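Reader: Hi! Could you walk me through this one?
Author: Happy to. Here it is.

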Amino acid sequence: MAEAESRADSNAARKRRTFRRTDQRIDSKGVVYNVPTDVRFWARVDIAASGCWLWTGMPNEKGYGRFPMTKKRIVMAHQFLWLRDYGCLPTGKIVMHRCDVPLCVNPQHHRFGTKAENNADMCAKGRCTHANHTGASRG
């Protein structure tokens, strides 16, 4: 039984896509060094008592974390772990927060949904700011 579990873990690890890319950084003394993408990501995460993994890096205008995976590709911080492990999101799906904390990057606090489901969830929780899910303005 332990052998089967070990084989399953090995297969899962083989299927998982990880970023081994490194970025060159220059420290204050002008020394160039390489920083793996995972190290850069986890350096910007604080684990809260609530179970949320809070992004401490740069947020966007709506309060969601932004993470530069490469020099040319910036992704939402809460989507990075999914992209790192599986490569891409299912077509037509987005990563939704269950905990309603925009800076949370904990995959256990996320689920897949469509943009319409995300908007309906947002309105049902009273977080619509400019229109409800029918498109009528609030007033």
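**Strand pairing and core**

Author: Let's start with a strand pair: Ile-94 has Gly-113 in S8 as its bridge partner. Keep in mind that this is a predicted model.

Reader: Nice. In what sense do S7 and strand S8 pair, and over how many bridges?
Author: They run antiparallel, with 4 bridges between S7 (residues 94-97) and S8 (residues 110-113).

Reader: Switching topic: which residues make up the largest nonpolar core?
Author: There are 11 residues in that core: Phe-41, Val-45, Trp-55, Phe-67, Met-69, Val-75, Ala-77, Phe-80, Leu-81, Leu-83 and Val-105. Helix H3 (residues 77-86) gives the largest share, with 4 residues. In soluble globular proteins, nonpolar side chains tend to be buried together.

Reader: How much of the protein counts as buried?
Author: That comes to 25% of its 139 residues. The protein exposes about 9700 Å², and carbon and sulfur atoms supply 53% of that.

Reader: What about the overall layout: how many helices and strands?
Author: The protein has 4 helices and 8 strands, in the sequence order α-β-β-α-β-β-β-β-α-β-β-α.

Reader: And what share of the contacts between residues at least 6 apart join residues at least 24 apart?
Author: For this protein, 36% of them do.

Notes. Residues numbered from 1 in each chain as written. Predicted model: local features only at pLDDT ≥ 70, side-chain atom pairs only at ≥ 80, totals over all residues. Heavy atoms only, no water. Core = buried A, V, L, I, M, F, W, Y, C linked by side-chain atoms within 4.5 Å. Buried < 20%, exposed > 50% of the residue type's maximum accessible area, 1.4 Å probe, protein only. Helix = DSSP H or I, 4+ residues; strand = E, 2+ residues; numbered from the N terminus. Pairing = 2+ DSSP bridges. Contact = heavy atoms within 4.5 Å. Areas by Shrake-Rupley, 256 points an atom, 1.4 Å probe, with all protein chains shown as cover.
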